[in-house]
Each structure stands twice: as C-alpha cells, then as structure tokens.
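Subject: Handover of the structure and notes on it

Dear colleague,

I am passing this structure on to you, together with my notes on what was found in it. Please look through the sequence and the model first, and then read on.

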Amino acid sequence: MTTTVPTSEPTPTPTSTSAAFAARVVDAVKLYGTGDTRVRALDGVSVDFPAGRFTAIMGPSGSGKSTLMHCAAGLDTLTSGSAFIGDTDISALDDRRLTLLRRRRIGFVFQSFNLLPTLTVAENITLPLDLAGERPDPEWLDALVDTVGLRDRLHHRPGELSGGQQQRVAVARAFAGSPDVVFADEPTGNLDSRSGQEVLWLLGRTVRQAARTVVMVTHDPVAAAHADEVVFLADGRLVDRMSEPTAERVLDRFKSFAPHPSRRR
Ligand SMILES: Nc1ncnc2c1ncn2[C@@H]1O[C@H](COP(=O)(O)OP(=O)(O)OP(=O)(O)O)[C@@H](O)[C@H]1O
C-alpha cells in the first residue's frame, strides 16, 4: 500500500473554533422508552474529546457507547444535558442548522462503510463536500488518497473493492472536508484483523501527522490501544480514563466493568 501521509498543515474551515475540545457532552442523560421498558442509556455523563487527539470510547455491550457517540455527533438528541462541537451547543440547534453542522464540521466512519454503490470511489470521497456545496482542498485530498492507498481505485465502484478498501474510502471521505472531529463507530467491526489494523493505523496516523481529531467507539482492547486515550463507560456512566493505553492495560481495566442491568432503569 502507498503510504504517503498528508504533512501539510490543516486548512481551517471557516466554521472551525479555537476550542481545546473538539467535542464534549455535559451532564448527558439519554432515556429510551417509558415505564417498565425505560432504559437509562446515559446516566449523567460529562466527557470532553480534546482537539488533535485520538480518543476511544470503551465499555461492555449496552454500556452506552453508541448512544454517547450519536448524541455527541448530533445524530441523536439528549433527554437532558448538553452536547458541544467546539464552542457550539448543538442541543440548541434546529434540524436545519444541525444538518449543516454535521455536514461541515463532523466526519463519520461506520461499521458498515455506508458508501453509495452507484458512485465511484472518488465521488464517494467528495460526497459530503458536494452536499455541503464546498470545494475540496486539492492538496489535502490528493494527500489523503495516497494515505489511504486508493489512487489506483479512484474510478472503481465500492462493489469492486474489498471490505478493507471500502473502509479506507470511508476514512478518506470522513476527513475530506477537514472536519473538526471524525466520529468512528466500531470502524473495524466488519473487517478481518489485518484490514482492521490498517484502518486503525490510518486513523491514528492522520490524527498525529495532520492534527486531526478522532473519537472512536470500540469494544476491542486492541483497537482501543491505537488511541491516545481511552474513556470507559459502564452502565451509562463514565467510570475511567486511561492515557497511552496498551491492549493489556485496557483489557485488565475492562474486565472490572461488568454490566449491572438492574441499575439501568
Ligand atoms: N433506540 C433504542 N431504544 C431503546 N433502547 C435502546 C435504543 N438504543 C439503545 N438502547 C439501549 O440503551 C443501552 C445503551 O445502548 P448502546 O447501543 O448505546 O450501547 P453500546 O455500549 O453501544 O452497546 P454495544 O457495544 O452492544 O453496541 C442498551 O441497554 C440498549 O439496549
């Protein structure tokens, strides 16, 4: 794989802020359902995601990782509390402004790639920019294409690529518009371990060499070890943070957070 990494300074978007935190939630509560079926998916979480860092969100199944990511990224709304992208309180935005903010300031990588099958790789990568009516920065885009190793696949359709290649397209798409933060939800969940390692390496390298910000949900200690810091959720609560994680330390810590379903209502 070609591994030319973007080394140019990031081009700030007009909407970027100088906040030290690319994203954060404050006193976040999320309830699903009512009465006996009510679930407290987030139970008063306050957590920040520093700009220029790769943060992993870890926790047992059902601990609220995806809910936290979706609410922090404006894909879902909190029952109470606030969510910020930079200095912008997204809990206060109407649907139209929230959609614009998601297009301009947030990148997404999902477990299932979410590429459009009728578009080429090149068209998929620039789709969020096209939707936002923005012109790509050609130098940044060019460097990204090399970083993800897809130059010889630019005119292929996603169906002609392996899963790992498709996820690398999704990574390039997420970073294409120089968003304030890229949220990745189990980005290696559908990949074999080698392709998964490549995607994690790409995320980490783009953060460190091009000053980008990534927040990744994972249940995999090996994946979490690629991050600069791991935040641990259990039962909808933030229970710990770990800097400079290793897979062994993450696994050890993870084992101590057994879920307690009875406390969730
Ligand atoms: N749309 C929904 N309606 C009802 N309950 C939900 C909904 N989404 C999530 N939940 C519940 O909220 C809790 C947290 O779910 P969430 O998906 O955030 O956990 P998770 O840590 O991401 O889990 P996993 O690792 O299994 O994906 C769980 O008990 C889940 O069943």
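How many nonpolar, polar and charged residues does the shell around the ligand have? Before the answer, two remarks on how to read what follows. Residues are numbered from 1 along each chain as its sequence is written. The model is a predicted one, so that local features need pLDDT of at least 70 and side-chain atom pairs count only at pLDDT 80 or more, whereas totals for chains, interfaces and linings use all residues.

**The ligand**

The shell around the ligand has three nonpolar, nine polar and one charged residues, where Ala, Val, Leu, Ile, Met, Phe, Trp, Tyr, Cys and Pro count as nonpolar, Asp, Glu, Lys and Arg as charged, and the others, Gly among them, as polar. In total 13 residues surround the ligand, and the closest are Tyr 32, Ala 41, Ser 61, Ser 66 and Thr 67; a residue is near a molecule or strand if its C-beta atom, placed from the backbone, lies within 6 Å of it. Two elements, β2 (39-50) and α1 (65-72), each supply at least two residues of this shell, and the largest share, three residues, comes from α1. The element names follow DSSP runs, numbered from the N terminus, with helices being H or I of at least four residues and strands E of at least two.

**The sheet of four strands**

An open sheet has the strand order β2-β1-β4-β5 with antiparallel pairing, two strands being paired if DSSP finds at least two bridges between them. The edge strands are β2 and β5, each of which pairs on one side only. Helix α1, which also takes part in the shell around the ligand, packs on this sheet and touches β1, β2 and β4, its direction making about 120° with that of β1. Contact here requires that the C-beta atoms of two residues, placed from the backbone, lie within 7 Å, while axes are lines fitted to C-alpha atoms, for helices over the stretch in contact, and angles run from 0 to 180 degrees between N-to-C directions.

Within the sheet, β1 (residues 21-32) and β4 (residues 80-85) pair in the antiparallel sense over five bridges. Ala 23 has Ile 85 of β4 as its bridge partner, and Val 29 has Ser 80 of β4. Strand β4 is in turn joined by two bridges to β5 (residues 88-89), again running antiparallel, with Thr 88 of β5 as the bridge partner of Ile 85. The hairpin of β4 and β5 has two residues between the strands, and in it Gly 86 takes a positive phi near 55°.

**The sheet of six strands**

A further open sheet has the order β6-β7-β8-β3-β9-β10, with mixed pairing. Its edges are formed by β6 (106-110) and β10 (237-243), each with a single partner strand, so one side of each is left without a neighbour in the sheet. Neighbouring strands of this sheet are turned by 20° against each other on average, direction ignored. Between β7 (residues 181-185) and β8 (residues 214-217), which run parallel, there are four bridges, and Ala 184 stands opposite Met 216 in β8.

**Helix α5 and its neighbours**

Helix α5 lies across β6 and β7, running at about 170° to β6. The contact is made by Leu 141, Leu 144 and Val 145 of α4 and by Ala 172, Phe 175 and Ala 176 of α5, which by class gives six nonpolar, no polar and no charged residues.

Helix α6 (residues 193-210) packs with α5 at an angle of about 15°, with the axes 9 Å apart, which makes α5 roughly parallel to α6. The residues of this contact divide into five nonpolar, five polar and two charged.

Helix α3 (residues 121-131) packs with α5 at about 30°, with the axes 7 Å apart, and these two helices are therefore roughly parallel as well. Their contact has eight nonpolar, two polar and one charged residues.

With best regards

Technical notes:
Angles under 35 degrees count as roughly parallel, over 145 as roughly antiparallel, 65 to 115 as roughly perpendicular and the rest as oblique.
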